[in-house]
Amino acid sequence: MDLSTRYLGLSLPHPLMVGASPIVDDLDLVRRAEDAGTAAIVMHSLFEEQLTDEQLHHHHHVDAHGLTHAEAHSFLPEPPKLQYALGPDEYLAQLNRIKERVSCPVIGSLNGATDHGWLGYAKLIEQAGADALELNIYYLPTDPAIESAEVERHAVDMVKMVREAVRIPLAVKLSPFYSSLPHLAHQLVSAGAQGLVLFNRFYEPDIDVEELELSPRLELSTSAELNLRLRWLAILSGSKDISLAVTGGVHSPLDALKAIMAGADGVQLVSALLKRGPEYLSTLRQELADWLDQHEYTSLSQARGSMNIKHCPDPTHYGRGNYLRILQSWRGR
Amino acid sequence: MADDARVVTIDGNEAAASVAFRASEVIAIYPITPASPMGELSDEWATHGRTNVWGTVPSIVEMQSEGGAAGAVHGALQAGALTTTFTASQGLLLMLPNLFKIAGELNAFCMHVAARTVATHALSIFGDHSDVMACRTAGFAMLASASPQQAHDMACIAHAATLAARVPFMHFFDGFRTSHELSPVHPIDDATLRDMLDPGHIDAHRARALSPDHPVVRGTAQNPDTFFQAREACNPFYAACPEIVETHMRRFADRTGRSYNLFDYYGDPEAEDVIVAMGSATETLRETVTHLAARGERVGGLAVRLYRPFSCRHFVAALPASVKRMAVLDRTKEPGALGEPLYLDVLAALAEQWEGAAPRLSAGRYGLSGKELTPRMLAAVFDDLASGAPKRHFTVGIRDDVTHLDLAPSSARSDLEVLPEDTFQALFYGLGADGTVGANKNTIKIVAEHTDFVPQGYFVYDSRKSGAVTVSHLRFAHRSLGAPYLIEAADLVACHQFDLLDRMDVVERVKPGGTLLLNAPFPADEVFGHLSAEVQRHIIDKALTVHTVDAHAVAMGAGLRGRINTVMQVCFFAVSELLPVERAIEHIKHALESTYGKKGSEVVRRNMLAVDRAVAGLAQVQVPSTPGAGARKRPPAVTEGAPARVQRVTSMMLAGHGDRLPVSAFPPDGTWPTATSQWEKRNIALELPVWDPDICIQCNKCTLLCPHAAIRAKAYPDSALAGAPQGFLSTAFRSTDLPGMRYSLQVAPEDCTGCQLCVEVCPAKDKANPRHKALDMHPQRPRRQAERERYGFFLSLPETGREAVREDVKHTQLLQPLFEYSGACAGCGETPYIKLLTQLFGDRLLIANATGCSSIYGGNLPTTPYAVNREGRGPAWSNSLFEDNAEFGLGMKLAVDALRARAQGLAAHLSDRLDRGLIDALLIEGQGDNGHMEAQRQRVADLKRALRELASKGDQEAHRLSLLADYLTDKSIWLVGGDGWAYDIGFGGLDHVLASGQNVNILVLDTEVYSNTGGQQSKATPLGAAAKFAAAGKAVPKKDLGLIAMAYDHVYVAQVAMGARDKQTLTAFIEAERHPGPSLIIAYSHCIAHGYDLMHGARQQKLAVESGIWPLYRFDPARVDRGEPPLHLDGGTPRRHVRDYMQHEARFRMVERLDPKRFEALQSAAQAHARRRTEHYRQLAELRVAPQEATANERPKET
């Protein structure tokens, strides 16, 4: 079965790939993912704020104690400057190591916080050998003074800026919380993005009612999260020629197939692989091929987008029609 | 000339270490101020893979003490390695036995000493020759350097000469003054250094090595029949040594162009008056005599380079025949001697070698503990020599109004200035944390590399660890300066902290017509109005040009918080015009890149931003012709109400005028009153905690954890509130023990350091708005005045008596802390334990304190933080040394026991003359708790009254007992120190004291590194942590000191972490005190050397406990009698991964960033170790010993 696909201009043997996750921190897991036939590997994000925080932390709580006392010019050893980095070096070195070890494309991922961060780190990731770059807009507006248009304009400007600075394909990883996602998607494509990744999962803190504190929580995705993504894949893939990847909620061959039918060119897997190991990718691929075979598809491309807003039998289900009908059917029970 | 043509700007330590490192194969060290940087640099270079001149990386080992380092050095020499070490002061003295051995065996060896005061009536970290002079009998050649360049050059000459001479060399230079002075040095390249070190001599050194392939025995014991003759056999080597040094000085000059002699003479070739000196003073001497001789004065100076072996021939040959009077200056004191060592040597040399009538000799002492020696002081010596009746023995540099030995500089010399006229001198007043020193070091490098100026930099720090004031002394001239003394009057003074203008003489140090650069939080047109009347007057009278910048605002705008250093650096260049400011900015930016580069692109970016905005923020202040009418007065150095002695002496020290105090101001034996920190108000907190009584649950965790006793709680009767100032907060005290009382929590606004530990540990949150807690931080300045009044009233409220207090955290925190406002770091993890100790037992407490952080914040003048209660009782405190503290404390215990026994004996003897019931009660009643102790105190008071009556009738025994009667109340002896003491240098003594069974208590403040000297690893450093000498992360677990102590069975042992389980800490302290034998408490102490914001100290302690990194336990031998296992685990089962703890601290993160794979392995090992140890303890905690096998009678009891 021909499962081949094109994602971000990259020719891939199939759409299943390791999504942004801690898997890339462990070269053994990376090797196992490659052995399992992953179509690509997406690095986890380089977080500009995290790097900045650590640098400033070091500056205020290590450097600042230097040359303050007669008896001690410092309180921690000064490691070799060339080796000790509180910047992106470790990330870039790992990207480089993975590139050296695998033959599939490696896609960098970046979460910037400032213009110079987006720009500077994007260039570095390209220089480190990434085949493409995912711009991970992990942004939560909390300031009522910021208009939604401004949020979107900022994202589009950022993509334009990065596009001018790097040559590798760009994808933008979005959250579902935009007023007009198709409009934004069009703008992002116009600004130079080749693809979109749907969707970012915001980690939601829990409330500790005893301590009156927020506690960070990290939970793996479930298939229940897929439907949101299917809807927007279907809407976006039907309206513009753009590479789309799904991330979040793909746990079974049928989940993957649905995403492809909704229009995904790439299927990113994280939670499923963290739960079952990278080898599951091979199983998924085989079962996907088997399903297509059993259902007499000639290739994966035949299924891609077959259920998007343009091709599905009743597109109203992706719009309000679906909403109204469900509510009515609920009332009727 | 093969010398490197480059110039590097380095200090004396680096200059010496650079040679020593490249000329050695083995380096064994132990950290000690001011020599530590030499060892640290060597370790850093070895870590970076730098090699010696033969292409191998020297092997660096940090030992457990200087004694250990000397042993390792001796062994390495015996086994044939080219070896070195670095040390100073007490460290050098600890090496002394081995120095005799090393010399006695004629080992080719060179060590480097940053000469420092040996502690006598007080410890001092600063420079003089008392340490090296104490070693002059060891048989080492002693070669002195006077500047960083000489430290570099003499190191080379010494390493080369020792190989040829087979006499070991002690190369020394003045601690701090040379070891820490930054100046340009012409480096000796590897080829030159290699060329100086004769391969034939190295081969011979190897051939003498112990080897089973050609075995010999060395280190025999000899008897009276042979020892003497054998000892004399080395004479030819010492006789030949001066010529060998001279030869190597010539070889060195041939290769570098820098020429030295065993004795170098300066000044008039026909001089009649000559001063002889050694060390950095000879630089001042050279400049001064050159200047005076040029003015026609017949004076000269002789610099001693090779002090041992002392060559009479060379000495006399170096002097002009015309000399009639000589003064020999010694930088040491030898009480009771006819004179100090150099004087006596000169005296003998003249007697033996001078032909004809020898010059008249005077002996002078100068410069003890880094005291200044200036050209004017040297001129005073010349004036005295020429006076016709010179003092035979004198001191110079101080005012001696007791024995009147001092020479006062003549007023006729008041305008003496020996520096070139175009020398530009600048002073910078800053705080340690604002980065002033770092920026100035960078300025020196920029000026050295990019202008024709030759810079010199020296940096003075106060002894506080929080809010430490730094004064940077920078000179720029067109030739190298021999000026190893501080700047008295500067062309430019920069004050980087506005409040310092009120605390110190800042403006007073600007020359008339000079420039004042201020960092002020006011617009330029308002700055003048905010200055005190005194400062305004100085500015006007001296016609100063004043520039100002709000550097904090610029730094904050660039996201740099309080780091104002780059802003002020740019402004300095802008107003000093040493080079065009645009060029200076370029160089500053380049330096930022190279300093922070990879570890901080964001730090670089923000600093760049600050640099770019600095000049725009700079403005000139328009100075009016008269001071403002309403100008405020400069506040006094100490607050009103201070005792006379504090007003007279302490205030002078606080104002930076300690040098002006005469000898009579000082106690001759180093005894000082306690409780003086209360009189200094430093106001270093930018924010302070503000209390909301409506939310507070009165747990008192805040007061427990406060490192500076700057937030306190009291419970008091309602009636005490009469006269409370406006805004004083009070609420009902929630306690069934003390019903009907009021409760207040009050901050000491001017003593708080703003560390936020109290706010972080506060568990009480507003239910409707949990962001608001019972304690929130608010800006200090607007609240200062009101809170000062409230705190004054709070202090006047009655104290809660010990007998009324239940032994829990809440109630014991009502007790008055007798350790307050120390100079410890903001957020210090050690001081809360000491404070608790004083709250619990302060009125009966004797503390033996090992040298280290706790001895510095505990006893470094000007002020003393141990305090007294209203009855005048409080901790008595002393520091002996670093290594002997356990023994020192044991001695205290023995003395207390002896005096108590004497008192008991006298009381029994006098019982027929006194109330027998009272005597019986005094001798028999227990004092186990606070109530009983109060009763005993009352009985002692009754006894004293009765004794006074008897004594008044001439009863001598009654008088004697009245002097000893206080010993009838129990004393609590605590031996306090850090992990460097307990785990390393003092372990032998500590172990011995534990084994002694004596009833002493040991508190180990475990920061897991040598904190005071800058974070060198100790055996307490945990697995995976980076520390100096373990930069790649320590690969073995920390020593389990508690387990070792438990092995004795009779020792009470507890491991505590106050931030994790305060109740357990409190219980451990109380149990340790009650335990009738030795007790050991190992206390987790977070520290700035861990690399995180210490406001999170309590959180880290919790994580350490919850991850199994720091198990909490109490091992109480008394439990055996009750049929219980002696070990009780208090920390619960570890439920976290060690990662959760390690990820927050730079000491671990550093290792991870350097080598993630190695760190992962270390972290796994740490996790495995934590698990293993937990399991080990768990099994031990189940171990029961049958009571009959260990009865109370078998265990040692206090006698």
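Okay, housekeeping. It's a predicted model, so local features need pLDDT of at least 70 and side-chain atom pairs count only at pLDDT 80 or more, while totals for chains, interfaces and linings use all residues. Residues are numbered from 1 along each chain as its sequence is written, chains are lettered from A and ligands numbered from 1 in the order written, and side-chain values use heavy atoms, with hydrogens and water left out.

Let's start with chain A. It has twelve helices and 13 strands, where helices (H or I, at least four residues) and strands (E, at least two) are DSSP runs numbered from the N terminus. The radius of gyration of chain A is 22 Å, close to the 20 Å from the globule rule for 333 residues, so chain A is as compact as a globular protein of that length. That radius is taken over C-alpha atoms, and the rule is 2.2 Å times the number of residues to the power 0.38. The C-alpha atoms fill a box of roughly 80 × 45 × 45 Å along the principal axes.

Of the 333 residues in chain A, 53% are buried; buried means under 20% relative accessible area, exposed over 50%, and partly exposed in between, with a 1.4 Å probe and protein chains only. Chain A exposes about 15,200 Å², with carbon and sulfur atoms supplying 52% of it. Those areas are Shrake-Rupley with a 1.4 Å probe, and for residues only the protein chains shown count as cover. As for contacts (heavy atoms within 4.5 Å), take the ones in chain A between residues at least 6 apart in sequence: 70% join residues at least 24 apart.

What is on the surface around V209(A)? A nonpolar patch: I207(A), V209(A) and L214(A), with about 340 Å² of accessible area together. Patch residues have over 30% relative accessible area and no salt bridge; nonpolar side chains (Val, Leu, Ile, Met, Phe, Trp, Tyr) are joined within 5 Å, like charges within 9 Å. V209(A) sits in the loop between β10 (206-208) and β11 (213-215) of chain A, and at 64% relative accessibility V209(A) counts as exposed.

The other spot is S271(A), in helix α9 (residues 271-276) of chain A. S271(A) counts as buried, at 5% relative accessibility. Leaving out residues up to four places away in sequence, S271(A) touches L220(A), S221(A) and H251(A).

On to chain B, with 42 helices and 39 strands. Here the radius of gyration is 32 Å against 33 Å from the globule rule for 1199 residues, so chain B is as compact as a globular protein of that length. Its C-alpha box is roughly 90 × 85 × 80 Å along the principal axes. In chain B, 78% of the contacts with a separation of 6 or more come from residues 24 or more positions apart.

Have a look at helix α2 (residues 36-47) of chain B. Ten of the twelve residues of α2(B) are buried, so the helix is largely enclosed by the rest of the structure. Among those buried residues are M38(B), L41(B) and W45(B). After α2(B) comes G49(B), with a positive phi near 85 degrees.

Last topic, salt bridges: a side-chain nitrogen of Lys or Arg within 4 Å of a carboxyl oxygen of Asp or Glu. How many are there over all chains? The count is 85.

One of them pairs D174(B) with R331(B), 3.0 Å from N to O. D174(B) lies in strand β8 (residues 169-174) and R331(B) in the loop between β14 (325-330) and α13 (341-353), so the pair ties together parts that are 157 residues apart in sequence. D174(B) and R331(B) are both buried.

Then there's R788(B) with E750(B), closest N and O atoms 2.8 Å apart. R788(B) is in helix α26 (residues 784-796) and E750(B) in the loop between β28 (742-747) and α25 (757-761), so this pair ties together parts 38 residues apart in sequence. R788(B) is partly exposed at 34%, whereas E750(B) is buried at 8%.

E1145(B) and R1147(B) meet at 2.6 Å, N to O, and both are buried. Finally, E272(B), D273(B), R298(B), K324(B) and R325(B) are linked in a network of salt bridges.
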